[in-house]
Amino acid sequence: MTDTIICAPMRIEARAIRRGLRGSADPPEVLRTGYGTTRAADRAGQLKPDSFGQMVVMGVGAGLTSDLSPGDLVVGTEAGLVTCASAPLLAGELRRAGLPARTGRITTVDHLVRRSERASLAADGALLADMESAPLAAAAAGRPVAVVRAVSDTPDHPVAGIVSGGLAALRSLRAAAPVVERWAGACGSRRVLLAGPRSFCAGVERAIEIVERALESRGAPVYVRKQIVHNTRVVGDLESRGAVFVDELDQVPDGATVVFSAHGVSPMVRAEASRRGLAVIDATCPLVSKVHAEARRFAADGYTVALIGHAGHEEVEGTLGEAPSSTVLVQTAEDVAALRPRDEKRVAYLMQTTLSVDEAAEVSGALRERFPAVRAPGSDDICYATTNRQAAVRAVAEESDLVLVAGSANSSNSVRLVETCERIGTPAHLIDSAADIELGWLTGVSTIGLTAGASAPPAVVEEIISALSGLGPLSVSERTTTTESIRFGLPKEVRH
Ligand code: SF4
């Protein structure tokens with residue numbers, strides 16, 4: 001027996017899969033397991049004691065919902081009583097290969113699914129029905145298992161479309177075969193090292209709670225200027241509950257409620273909201289507000305303020321707006337060399353809260369060298385959450401072959417976590433969800449470091465661990481470098 005077996009009930013399905021694997025140097029064995037539940041159960045009984053490493057069940061199936069089309073691929077999250085935990089990883093890889101893949105529950109029935117049955121099976125939560133997957137997947141008996149079914153017919157094209165739909169399904173099976181081989185190549189036992197602390201900080205928790213409370217007390221819609229925090233999952237969730245995210249205040253109707261995001265706004269935005277009569281709830285993180293206050297104070301004392309940060313970031317734009325004629329953005333040591341302050345003896349610097357500690361130290365060092373009398377902020381501007389997450393990820397990166405950072409691409413502190421790992425030579429990737437993990441990253445990797453940016457929900461970390469556990473035995477341990485207990489109070493508008 002080879003390490004990977006692919007079970008295909010019908011000859012025509014097995015042929016399509018073998019064709020898809022033609023380019024492979026060492027293709028997995030494709031077994032024709034027989035059509036229907038009885039044959040599948042018999043074959044599963046024979047396979048169960050075999051010494052294969054992982055199993056894939058592939059074939060065509062009946063789509064149960066109208067949003068499916070012939071040729072779509074359904075990657076089973078469950079097949080009968082078997083959970084296929086790595087389904088999000090495989091579906092993501094299929095989508096990156098350009099194939100229309102979704103995850104969902106696959107149900108196995110002992111007859112061709114009838115038109116009238118589809119709605120009730122779908123109402124039970126199934127996305128696709130077939131006649132073999134459940135007994136075959138059970139033969140994996142705890143080993144990694146994946147189920148990939150291509151839709152041949154749908155509620156809108158039940159039998160009339162079965163020939164053309166069947167051809168589309170076989171084409172998809174063929175195209176999916178090399179991707180399935182990659183999934184098999186990624187299987188193996190691993191360990192995950194969790195960085196602690198990780199995920200939500202106090203400022204993000206507060207900002208999300210503000211929007212939730214505003215929705216609860218004022219009802220939808222509640223407008224939010226910019227993303228409340230930089231995370232697609234958080235934004236999508238609040239959107240589904242009635243939050244409306246806008247880029248600028250001119251998209252907010254007169255008199256409506258608007259929440260300012262955790263990244264803060266410039267005084268011009270506040271003035272505009274007040275002129276428009278908008279009901280403002282400010283979710284600016286108190287640690288960002290602290291930097292704004294420092295900018296105002298230094299500017300009032302006649303200082304030129306060098307703001308160390310990244311151009312275009314919302315927090316930087318807000319801070320720059322506090323004292324625009326006195327504040328200059330410096331991103332690098334070269335920017336420091338080019339700085340022309342009004343008075344070299346009256347220079348101060350501030351920082352964006354989510355910078356890399358190491359990178360910011362380089363720029364502040366250049367400032368101290370060029371302006372020995374430079375004034376630093378009263379206390380660190382890079383916030384506790386950023387500093388703690390960078391220290392924690394550094395600790396796990398030192399022991400890992402690869403680090404996964406849960407977070408969105410526009411999340412500054414999450415991007416900095418990736419850079420922190422790379423700086424010490426450990427490859428790292430930013431992912432919004434488990435589906436973003438490329439299976440090729442896992443080749444030869446036995447220890448995976450895992451963390452999440454301050455705006456990424458803890459649930460994403462749990463989903464990633466669950467998906468990785470579907471590739472083989474997974475041990476999970478945590479490296480805690482510090483513990484956090486900071487909480488921020490809510491603004492009066494939602495303190496009920
Ligand atoms: S990362 Fe820091 S500054 Fe940003 S919201 Fe969290 S605690 Fe506040």
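In which helix is the place of V357? Select V357 and you land in helix α13, residues 357-370. Helices here are DSSP runs of H or I with at least four residues, strands are runs of E with at least two, and both are numbered from the N terminus.

Before moving on, a word about what is on your screen. This is a predicted model, in which local features need pLDDT of at least 70, side-chain atom pairs count only at pLDDT 80 or more, and totals for chains, interfaces and linings use all residues. Residues are numbered from 1 along each chain as its sequence is written, and side-chain values use heavy atoms, with hydrogens and water left out.

**Stop 1: V357**

Is V357 buried or partly exposed? It counts as partly exposed, because its relative accessibility is 30%. Buried means under 20% relative accessible area, exposed means over 50%, and partly exposed is in between, using a 1.4 Å probe and protein chains only. Now show the contacts of V357, where contact means heavy atoms within 4.5 Å. Leaving aside neighbours within four places in sequence, V357 is in contact with I382, T387 and Q390. Then select V109 as well: the C-alpha atoms of V357 and V109 are separated by 58 Å, and the two residues are 248 apart along the chain.

**Stop 2: the whole protein**

Zoom out. The protein has 16 helices and 20 strands. Its C-alpha atoms fill a box of roughly 85 × 50 × 35 Å, taken along the principal axes. Of the 496 residues in the protein, 55% are buried. Among contacts between residues at least 6 apart in sequence, 76% join residues at least 24 apart.

**Stop 3: the ligand**

Which residues surround the ligand? Select C201, G203, V204, C285, L287, T353, C383 and Y384 to see them. A residue is near a molecule if one of its heavy atoms lies within 4 Å of it. By class, this shell has six nonpolar residues, two polar ones and no charged ones. Here Ala, Val, Leu, Ile, Met, Phe, Trp, Tyr, Cys and Pro count as nonpolar, Asp, Glu, Lys and Arg as charged, and the others, Gly among them, as polar.

**Stop 4: the loops around α7**

Select the loop between β9 (190-196) and α7 (202-218), where P197 lies. The peptide bond from G196 to P197 is cis, with omega near 5°. In the loop between β9 and α7 you will also find S199. S199 has a positive phi near 65°, in a residue other than glycine. S199 is buried, with a relative accessible area of 4%.

Next, go to the loop between α7 and β10 (222-225), where P221 is found. A cis peptide bond joins A220 and P221, with omega about 0°. Carry on to K226, in the loop between β10 and α8 (232-240). K226 has a positive phi near 65°, and it is a residue other than glycine. K226 is buried, with a relative accessible area of 15%.

**Stop 5: helix α3**

Why is helix α3 (residues 87-96) largely enclosed by the rest of the structure? Seven of its 10 residues are buried, so the rest of the structure largely encloses it. Select A87, L89, L90, A91, G92, E93 and L94 to see the buried residues of α3. Just after α3, click on G98, which takes a positive phi of about 90°.

**Stop 6**

Select E117 in helix α4 (residues 115-123). E117 counts as buried, because its relative accessibility is 15%. Not counting residues up to four places away in sequence, E117 touches H111 and L112.

Finish at A295 in helix α10 (residues 286-300). A295 counts as buried, at 0% relative accessibility. Leaving aside neighbours within four places in sequence, A295 is in contact with V305, T319, E322, A323 and L350.
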